[in-house]
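Biologist: Could we go through this structure together? I would like to begin with the sheet and then move on to other parts.

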Amino acid sequence: MPSFGIGLLGCGRISENHLRGYRHGDGLGDLGEIVALCDVNETLLEQQGTKHQVTTRYRRLEDLVADDRVDVVTVLTPPDVRTGVVIPLLEAGKHVLVEKPFAHTLAEAKEMVAAAEACDRLLAVNQNYRWRADTLKLKELVDAGAIGEVLGMHQLHAMWRDEGPGWRRTTDYLALAVMAVHWLDRFRWLARDEGASVYAATRSTGLLQSQGEDWAAVTVRFRNGVIAHMTEDWCSASRHKADTFLVDGTKGSLVAEGKLVTRYGRDNGDEQVHDAAGDFAASFAHSMQVLLEAIASGTEPSISGRDNLNTMALLDGAYRSAEAGEVVHLAHNGRPAAAPSERSLGVANVGR
Ligand SMILES: NC(=O)c1ccc[n+]([C@@H]2O[C@H](COP(=O)([O-])OP(=O)(O)OC[C@H]3O[C@@H](n4cnc5c(N)ncnc54)[C@H](O)[C@@H]3O)[C@@H](O)[C@H]2O)c1
């Protein structure tokens with residue numbers, strides 16, 4: 001298998017997880033190597049370049065684009081800086097891994113998918129929570145039939161999250177786009193189907209310095225009957241962060257909390273506790289590994305941009321529902337998200 005040259009565009013907060021994850025522990029092994037960094041912010045560029053010993057550092061996108069050693073670029077810019085950097089990279093022949101949320105809008109996401117297909121390049125989205133240790137365990141148990149058919153899911157995520165200066169303070173799309181997009185994608189991953197309708201209610205409480213929504217509830221009804229509900233709360237006065245996920249099935253339930261996943265059977269006493277501890281940075285390397293293997297084998301990665309149009313359609317539907325105060329029905333011609341081993345092409349939801 002070839003070893004790919006990787007460039008990182010954006011040396012802000014999340015670059016640390018990519019730099020650490022790609023290189024440390026098992027990392028990417030022989031699959032790929034970070035060969036260049038790029039950021040318009042020279043201080044961050046120098047800081048991350050020095051810390052992680054990457055000597056090629058660019059301040060201009062054009063210079064990264066022109067570097068022939070770079071085969072694949074990880075885009076770590078804020079969500080509203082996407083098409084303007086991703087499309088030139090694709091046109092220059094680079095494959096691209098984009099951080100979540102895939103795009104600021106569903107229309108921009110579609111534009112990038114079309115560009116990737118026109119350029120015959122692979123475009124993937126870092127939905128790394130699919131590879132977080134608890135989700136890996138949940139997926140393994142659900143796919144093995146440990147709880148029978150999935151009936152419904154609940155996600156409760158509550159914390160105090162007052163952001164410092166930066167794009168999270170000024171964006172109109174906050175709790176849903178920044179955090180809950182992980183849960184929407186996980187709902188799809190475990191339901192193994194696409195959303196039929198979505199209802200959401202959001203509010204901006206004014207308690208935080210950020211202006212976007214900081215309290216949100218979303219209900220998704222999937223075509224196969226699965227109902228998934230989430231609460232994403234950034235301004236809770238509770239003293240500990242709540243992150244609880246529950247899946248009910250015909251034969252049992254799964255609860256993920258902290259580093260444990262517990263399976264409950266329908267008989268009292270039928271309980272199994274599974275360890276779900278893991279290095280979070282490894283989930284970032286996992287996304288890159290999935291993309292590099294897909295490039296090498298000429299297949300569609302399970303986290304492809306086209307697959308992610310279905311996650312973006314849920315996010316877009318939630319915002320439209322919250323604005324209109326109505327259920328949003330999602331048109332689509334899709335098929336379920338691919339299992340990791342299948343790496344098959346997910347056909348996009350064509351909802352607005
Ligand atoms: N997957 C996860 O778990 C996870 C966690 C945190 C953040 N993220 C995502 O990562 C992305 C970045 O978030 P962050 O917290 O690192 O943001 P950040 O603001 O800390 O960093 C963004 C960097 O991009 C640079 N940048 C902006 N425009 C640029 C351009 N045109 N060319 C080159 N550099 C440019 C900025 O100078 C900055 O250094 C967001 O989409 C965010 O949602 C994902």
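Modeller: In this predicted model, Ile6 stands opposite Val72 in strand 4. Strands here are DSSP runs of E of at least two residues, helices are runs of H or I of at least four residues, and both are numbered from the N terminus.

Biologist: What is the basis for the numbering and the cut-offs on confidence?

Modeller: Residues are numbered from 1 along each chain as its sequence is written. Local features need pLDDT of at least 70, side-chain atom pairs count only at pLDDT 80 or more, totals for chains, interfaces and linings use all residues, and side-chain values use heavy atoms, with hydrogens and water left out.

Biologist: How many bridges join strand 1 to strand 4?

Modeller: Four bridges join strand 1 (residues 4-9) to strand 4 (residues 72-75), and the two run parallel. Two strands pair if DSSP finds at least two bridges between them.

Biologist: And in what order do the six strands of the open sheet lie?

Modeller: The order is 3-2-1-4-5-6, with parallel pairing. Strand 3 (57-58) and strand 6 are the edge strands, each pairing on one side only.

Biologist: Turning to helix 5, which residues are buried?

Modeller: Leu106, Glu108, Ala109, Met112, Val113, Ala115 and Ala116 are buried in helix 5. Buried means under 20% relative accessible area, exposed over 50%, and partly exposed in between, with a 1.4 Å probe and protein chains only.

Biologist: What covers those buried residues of helix 5?

Modeller: The cover includes helix 4 (83-91), strand 6 (123-126) and helix 10; contact means heavy atoms within 4.5 Å. Helix 5 is followed by Asp120, which has a positive phi near 55°.

Biologist: Is helix 10 largely enclosed or open, and why?

Modeller: Helix 10 is largely enclosed by the rest of the structure, because 15 of its 20 residues are buried. Helix 10 also bends by about 25° at Thr311, the bend being the angle between axes fitted to the seven residues ending there and the seven starting there. Just after helix 10, Gly325 has a positive phi of about 70°.

Biologist: Now the ligand. Which residues come nearest?

Modeller: Of the 27 residues around the ligand, Arg13, Ile14, Asp39, Asn128 and Arg168 come nearest. A residue counts as near if one of its heavy atoms lies within 4 Å.
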